[in-house]
Amino acid sequence: MLPRYILKRLLGAIPTLLILVTIAFFLIRIAPGGPFDDDRNLPPDILANLEAKYNLDQPLGVQYLNYLGSVLRGDLGPSFQYSDFTVNELIAEGFPVSLRLGGSALLMALLFGVIIGTIAAWRQNSRLDYLLMGSAMTGIAIPNFVLAPILILFFAVYFGWLPAGGWGGGALRNMVLPVIALALPYMAYVARLTRGSMVETLRSDFVRTARAKGLPEWKILGKHSLKVALLPVVSYLGPAAAAIITGSVVIEQIFGLPGMGRYFVQGALNRDYTLVMGVVIVIGVLIVVFNLIVDIIYALIDPRIRYE
Amino acid sequence: MSTPASAMSNFDHAAAASGRSLWHLAWLRLKRNRAALTAAVVLAVIFLLVIFGPILSPHSFAHPYWEQISAPPSLETRHFFGTDSIGRDLFVRTLHGGRMSLMVGLVATGVALLIGVAWGAIAGFVGGRVDNIMMRVVDILYALPFMFLVILLMVVFGRNILLIFVAIGSYIWLDMARIVRGQTLSLRQKEFVEAAEALGVRAWVIIWRHIVPNLLGIVAVYVTLTVPKVILVESFLSFLGLGVQEPNTSWGALVNEGAQDMEFAPWGLFFPAAFLAATLFCLNFLGDGLRDALDPKDR
């Protein structure tokens, strides 16, 4: 059943991606200005030659179809701003950075969020619970673009423990602050979700049975309850991943990381049509694939769900 | 002897005194929730400050004092929060930015409310193929990386307040539509809707008179949780330099400016960040409190 379900979902993603590409394509094209505006004023002949070289002189509809065709062949076209590179090369360079940053943040948010939420639920209404949930609420209320400069101010400027920015070839020292800044709000959210569903689960009959059987507390919490209580957390993974991808745009900018996100805003401002489209497409595909994985995980751990 | 009319009014009176409506119960529960009440009070203070606060200061939000660049907070010069990198008063700017952030939050939530409730209620009430198509549209839009499209929109059409409202509102209604639809589906099965249908009441009257009022509880909760979301999105855009335009400002834009000078003028980051965080914190707390208070499972 599973392969058929995956195939169905992948087919279902086609309209989504098509709409995304279409909206993005026409949005950036109807923008005033073009990719060659920022340079010194080009003579009209040269401008016309440039536009002809990149096929920008054709009708918009033709360009759109051409673009769709080349995307389907896996070619995202040449970049206007970085004229020595293709968009594929630029993304191949930035994507691993963004993936490491976002992946680490998502893992951290999940791992610590679940642990904190479980402890809070286990000691429900104790002082520890209030402390943890109070901090979680604070974590949710502080956006990551506020948190990042504060972290830099303390850990890089005042204490001098960690670098204030830069990638350093992906060294751990350089990763710590960006990952924390990116992960913290979602970690707090995961903690709250986990606590909420854990509190409910701990009240259910099977937990009482397990306690009556004399199972050790860690087994009840970690093995029996968590499996049920994690369902809402798993379904939050999709939105969380999308939010982390979005958040990494600012985080990459604040910490000066060579990821994919920085291409996006810069590319849009410079009307680097193909680069912007490339990033949008990669992100769209990423989110679609991630949502699919989440749904499969969900179905695997929740026996009530059957693939249709 | 009482006339039928006075008997009626007596009856009304008795019913009002003895019956505890959902709202009455919710209010009682909310009053007992100290965290939510505190949040509401703090929010009220922030609102009042943002509206009336600038009167307390002799400075204007756009006037640069060239002789007091990046000055620390001081009561003497009445720069309560200090000044920014071109000498503008940060107290007034923070409150002024708050007006912008709160206004965007409220108006965009209003947009989301209108579209979301209408969409969800119609889809849930009509059901069948219409529901299928309408929710399919929501699903497709839901899967788009909307933030990126909003960024594109801002880049394309320039920084325009109205556009921020529309852009954010048109993205945030999706959640609302889903929640409202779910609620409507269950309301649809209720006897009073069936009764109204049997009496031949037209569909849109049923939606307006019977479905929408019963959605108010969940919508109220959702609104308090949406406003902070929108404020966050606007701040995010302003932080990237795509939001409001100088000399106007918002909390996100102020945080961005403050972060650039934080090494020697940390007050520029601290005050707007504190206002932003406090507002988001309180709105989330209030929303949670409302959700608990309106939860019918928890009487």
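**Exercise 1. Characterise the interface of chain B and chain A in this predicted model.**

*Solution.* Begin with the area: chain B and chain A bury about 3400 Å² between them, and 85% of this lies on carbon and sulfur atoms. Next, identify the leading contributors: B:Phe148, B:Leu152 and B:Val156 provide 19% of the area that chain B buries against chain A, more than any other three residues. Then list the elements of chain B that give two or more residues to the side touching chain A: α5 (128–142), α6 (146–157), α9 (203–239), α10 (251–260) and α11. Of these, α11(B) supplies the largest share, ten residues. Finally, count the contacts: 36 residues of chain B touch 44 residues of chain A. Between the two chains there are zero salt bridges, and the rule finds zero residue pairs in polar contact, with both residues at pLDDT 80 or more.

**Exercise 2. Describe the setting of A:Asp272.**

*Solution.* First locate the residue: A:Asp272 lies in the loop between α11 (261–269) and α12 (273–301) of chain A. Then consider its charge: A:Asp272 is buried yet has no salt bridge. The nearest side chain of opposite charge, A:Arg29, is 8.9 Å away. Lastly, leaving aside neighbours within four places in sequence, A:Asp272 is in contact with A:Ser79, A:Phe80, A:Gln81, A:Tyr82 and A:Gly267.

Terms used. Residues are numbered from 1 along each chain as its sequence is written. Chains are lettered from A and ligands numbered from 1 in the order in which they are written. This is a predicted model: local features need pLDDT of at least 70, side-chain atom pairs count only at pLDDT 80 or more; totals for chains, interfaces and linings use all residues. Side-chain values use heavy atoms; hydrogens and water are left out. Helices (H or I, at least four residues) and strands (E, at least two) are DSSP runs, numbered from the N terminus. Buried means under 20% relative accessible area, exposed over 50%, partly exposed in between (1.4 Å probe, protein chains only). Lys and Arg count as positive and Asp and Glu as negative; His and the chain ends are not counted. A salt bridge is a side-chain nitrogen of Lys or Arg within 4 Å of a carboxyl oxygen of Asp or Glu. Contact means heavy atoms within 4.5 Å. Buried area is the accessible area (1.4 Å probe) that two parts lose on being put together, summed over both. A polar contact is a pair of N or O atoms within 3.5 Å; within protein, one must be able to donate a hydrogen and the other to accept it, and residues adjacent in sequence count only if both atoms are side-chain atoms.
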